[in-house]
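Please open the structure in a viewer and keep the sequence at hand.

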Amino acid sequence: MMLWTVISVVILALIAAGSVAVALHLDKSDELPPGVPPQPAAISVNPQIKAVSANAPEPTAAGVSQAIAASVRNPALGQFTGQISDALTGATLWTDSPAEPRVPASNAKILTASAALLALPHDQRLTTTVVAGPNGQIILKGAGDPTLSAQPRGADTFYTDAPRIAELAAQIRKAGIPVNSVAVDTSAYSGPTMERTWDRRDIAGGDITPIESLIADGGRIEPLDEYSPRVEDPAVSAGTALASALGVQGRVTEANAPAGGEVVAKVTSAPLVTRVNDMMRYSDNVLAETLSIELSVARGGPASIAGGVSAVEGALAEHGFDMTGVTLSDASGLSYANRVPAAVLDKLMAAASGPSQPLMRSMLDGLPVAGGTGTLADRFDPTSNPGAGWVRAKTGTLTGVSSLTGIVQTIDGRVLSFALMSGGTSPADARPALDDVAGDLRECGCR
């Protein structure tokens, strides 16, 4: 047995030595056998943004109607309305009851995003502060930024470039300020924290948290879970996170920061345009409501949910949009009391994607990509729907309500805007039917 083992080891050593010799010989050889193609050059990536051609063939109304004829007859669409336009010219190419006011669900966020981008500086930021109070108390004062995060330094945050409570705590410790207690100040907002048509069960359902001027992680109990249940007391919860970061015991209370009090720490939000895009990509109701209140304050209105609604409607009307048929109870689309015609949604999307309103253009960056990102990540199966990767759209879903408003580049390179609104059927059935209509537009030269 020992002999065979030694022989096996020797044989293996000889094979290994031979392999090395062959490899060294091949490495030294500059010539390849005849007929062997040379080694190809390494692949390099050169990402670019290529502008849509201004000379792409112009679509026609007849071409659009023909392209979507079969899909719009799908019974799953239920009570269906819609409008499709040419983004470049603004011409309306197809309609079905476009002036009928319908429940928009989260397509209402298109109005909120448009108004904010038209009326506010795109680089505007919100600053959350900590103010020194009496007897070792510090007061966390909200500024209406729900992207403030309780996540520790280095950990991911749900919102893009979110400011952190951990950073506030670090500034307080660096200043050497003794802290005995923590309070929160929500005086920046006024009015009810819940719109009267909302269902409080949606807090536990993960759709909303009471709208206070101090909210951390959008009120999510699980900060990175988009659909996490929300907290009932967002301001106190944020204050508790700061107390925990500082190792302060005791109940967090509510107090108004003293006028002219010393600011001992502060953090700022991401720019407005980043927050708008987060709101659109994830259909974030809390962010929508706070953005509308930010708009109201900038226009001299009340810092309330109702004030935000009035500000959105007023800003759009002042920028030339026909608001006939629009009735809003909130800025997020959570309320069934909202009404918006498809024509209004389509005209806003056409303005954002066409030449008439360049301030709205950045809204397109936040639109979910079909089959790729946000609320469209699991829609538009690329094996069956040609719109995958080409459609960008805002979704809207409530029980018995489904809507889809966005843009698509046709195979001829023309950008079409669309607003499609379905009601009376299950979203599980209606959403694929809406996606089919948008997918038809991608394959349509529509001439």
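The stops below cover a nonpolar core, an aromatic cluster, a strand pair and a disulfide in a predicted model.

**First stop: the largest nonpolar core**

Select L111, L316 and M363. These residues have the most contacts inside the largest nonpolar core, which has 45 residues. Next, colour the elements that give two or more residues to this core: α3 (108–119), α7 (272–282), α8 (285–298), α9 (305–318), α10 (342–353), α11 (363–366) and β12 (415–423). Apart from this core lies another, of 26 residues, including A76, V391, V437 and L441.

Return to L111 and display its surroundings. Leaving aside neighbours within four places in sequence, L111 is in contact with V312, L316, M323, V326, L328, V340, L345 and L348.

**Second stop: the aromatic cluster**

A search of the whole structure finds three aromatic pairs. Select F158 and Y159, whose ring centres are 5.1 Å apart; their planes stand at 90°, so this pair is edge-to-face. F158 is buried, with a relative accessible area of 12%, and Y159 is buried as well, with a value of 2%.

The ring centres of F158 and Y282 are 4.9 Å apart and the planes are at 50°, so the pair is tilted. This pair links distant parts of the chain: F158 belongs to the loop between β5 (137–141) and α4 (165–175), whereas Y282 is in helix α7, 124 residues apart. Y282 counts as partly exposed, at 26% relative accessibility. F158, Y159 and Y282 form one aromatic cluster.

Keep F158 in view and select R220, which lies over the face of F158 at 3.9 Å from the ring centre.

Select residues 391–398, which make up strand β10. Six of the eight residues of β10 are buried, so the strand is largely enclosed by the rest of the structure. Then select residues 401–409, strand β11; β10 and β11 run antiparallel and are joined by eight bridges. Which residue in β11 is the bridge partner of T395? The partner is L404. The hairpin has two residues between the strands, and in this hairpin G400 takes a positive phi near 80°.

Select W390 and R442 as well: the charged end of R442 sits over the ring of W390, 3.6 Å from its centre.

**Last stop: the disulfide**

The structure holds one disulfide. Select C444 and C446, which form it, with their sulfur atoms 1.1 Å apart. C444 is buried, with a relative accessible area of 4%, and C446 also counts as buried, at 5%.

How values were computed: Residues numbered from 1 in each chain as written. Predicted model: local features only at pLDDT ≥ 70, side-chain atom pairs only at ≥ 80, totals over all residues. Heavy atoms only, no water. Buried < 20%, exposed > 50% of the residue type's maximum accessible area, 1.4 Å probe, protein only. Helix = DSSP H or I, 4+ residues; strand = E, 2+ residues; numbered from the N terminus. Pairing = 2+ DSSP bridges. Disulfide = S-S within 2.5 Å. Core = buried A, V, L, I, M, F, W, Y, C linked by side-chain atoms within 4.5 Å. Contact = heavy atoms within 4.5 Å. Phe/Tyr/Trp six-rings, centres within 6.5 Å; stacked < 30°, edge-to-face > 60°. Lys NZ or Arg CZ within 6 Å of the ring centre and 35° of its normal.
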